[in-house]
Amino acid sequence: MFKKVLIANRAEIARRIIRTCEKLGIETVAVYSEADENSLYVKEATESYCIGKPPVSHSYLNIEAILDVAKKTGAEAIHPGYGLLSENATFAKQVEEAGLIFIGPKSEVIEAMGSKLEARRTMAAVGVPIVQGVNEPIADTDEAAKIAHEIGYPVMLKASAGGGGIGMQLVRDEVELRNAFEGNQKRAQSFFGDGTMFIEKFIADPHHVEVQILADHYGHIIPVFERECSIQRRNQKVVEEAPSPFISQETREKMLDAAVNAAKTIGYTNAGTIEFLVDGAQNFYFLEMNTRLQVEHPVTEEISGLDLVEEQLKIANDEILTITRQDLKRNGHAIEVRIYAEHPVTFFPSPGKITKLVLPTGDGIRHEVAVETGSVVTPFYDPMIAKLIVWAPTRKEACERLIDALSNYVIEGIQTNIPMLLDVVKHEQFKSGVTTTKFVEQFYIPKNSTISK
């Protein structure tokens, strides 16, 4: 096993990786910006090095600085976490060229799956269902209008590169399309350096269900169940659970098989996630592949008993998977909520100093937290500061445990989305287990919420 691993990330995911490395006797190297000097993960790593000013372009996206620290400290491998450089093919390639191990798939696989258009073509070629749309870049607004007319409105206008909802917009007619095309194209170019756009048919009220996979370098691929991630705001997930309460066992097995076939075709290794949209009739369609560890990986760990970070490290160390699909036994139900430093109605970030933090305790409660009392949440990074995960033998018990834990979560000095999360998980539609990506839009009504005015 590796003796020393550099973590090219920050906050709670850096702490999560450090925890598993410590369990395996691996030394860790943390990198941080000037804004994160007093962060918990910086204190917990074996070694820590400042790599630049607060803006991510000067620090966490500074490939040269990160590689310099890796070489200086004698790190053998780099774990990218999620976000930031985790799906950057250039970074992965430079890590490989530096003689280090990138804890993830090969750079060429990241590059192929980083393009949604290339991913669509790949999945279609192996028989994975894809949403009706185009598999080639759209040149301009006129071509977009022609294609949308042929497919039939409403359609989804999407950027081929990146994620997080950037460059993506629902358009209902040609006027909306013409107004939206160039703006989304420019936004995608600005964020990802790639303004390539394409169009897919809009699927009304879909479920967002994803399959976790693990794949070693010897052709062994296992699907580690699925997760339901339909509760989203602004196309970003806020509540995730495993297993999905919506799909049937027949649909589940078909999705797991499709994910394994897709991973095998592209030569995937390490941990990854294949995301699907599922309609009301349980037809599923490929959405995208995330070539990294997911934010919501803890719910899969809770029902499978696996440590996914440990499995990542072992695979990167060229070890053979010691478990099979038949070995995996699903146990109970787990739900995760993402806690953001943000206004619970407008979702605007709420930076500031945390004057008090009290975490709920009890059976089946797990925390992945980036902060403590006295921590300062800066405006420079994603406002997610913690994840609360609950496990219970049944979904009903997990919902009850989650409501109780959220009700006893104390965080003062900044605003958070905890009131919004409570409203969501208390809602009868959520309790029923039939939630779509339109849940927040349809059922979360702030004026009737527990949010204090």
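The second largest pocket of this predicted model has a volume of about 320 Å³. Its lining is made up of 21 residues, and a search of the whole structure also finds 1 cavity of 30 Å³ or more.

- Of the residues lining the second largest pocket, Arg10, Asp36, Ser39, Val371 and Val376 lie nearest its centre.
- Two strands each supply at least two residues of this lining: strand 18, residues 376–377, and strand 19, residues 384–392.
- By residue type, the lining of the second largest pocket divides into 11 nonpolar, 5 polar and 5 charged residues.

**The largest cavity**

- The largest cavity holds about 40 Å³ of space.
- You can find the largest cavity by looking for Glu311, Lys314, Ile315, Glu319, Ile320, Leu321 and Thr322, which line it.
- The lining of the largest cavity divides into 3 nonpolar, 1 polar and 3 charged residues.

**Aromatic pairs**

- A pair of aromatic rings is described by the distance of the centres and the angle of the planes.
- Tyr381 counts as buried, because its relative accessibility is 11%.
- Another tilted pair is formed by Phe439 and Phe443, at 5.3 Å centre to centre and with 45° between the planes.
- Phe439 and Phe443 both belong to helix 15, which covers residues 439–443, and they are 4 residues apart, about one turn of the helix.
- With a relative accessibility of 1%, Phe439 counts as buried, whereas Phe443, with a relative accessible area of 29%, is partly exposed.

**Arginines over rings**

- Arg233 lies over the face of Phe347, and its distance from the ring centre is 5.7 Å.
- Arg395 lies over the face of Phe430, at 4.8 Å from the ring centre.

Technical notes: Residues are numbered from 1 along each chain as its sequence is written. This is a predicted model: local features need pLDDT of at least 70, side-chain atom pairs count only at pLDDT 80 or more; totals for chains, interfaces and linings use all residues. Side-chain values use heavy atoms; hydrogens and water are left out. On a 1 Å grid over the protein atoms alone, a cavity is a set of points where a 1.4 Å probe fits but cannot get out, and a pocket is an open set with protein on both sides within 12 Å along at least five of seven lines; lining residues have an atom within 4 Å of a point. Grid points are joined across faces, edges and corners, and a volume is the space filled by probe spheres set on the points. Ala, Val, Leu, Ile, Met, Phe, Trp, Tyr, Cys and Pro count as nonpolar, Asp, Glu, Lys and Arg as charged, and the others, Gly among them, as polar. Buried means under 20% relative accessible area, exposed over 50%, partly exposed in between (1.4 Å probe, protein chains only). Rings of Phe, Tyr and Trp (its six-membered ring) pair if their centres lie within 6.5 Å; planes under 30 degrees apart count as stacked, over 60 as edge-to-face and the rest as tilted. A charge sits over a ring if NZ of Lys or CZ of Arg is within 6 Å of the ring centre and within 35 degrees of the ring normal.
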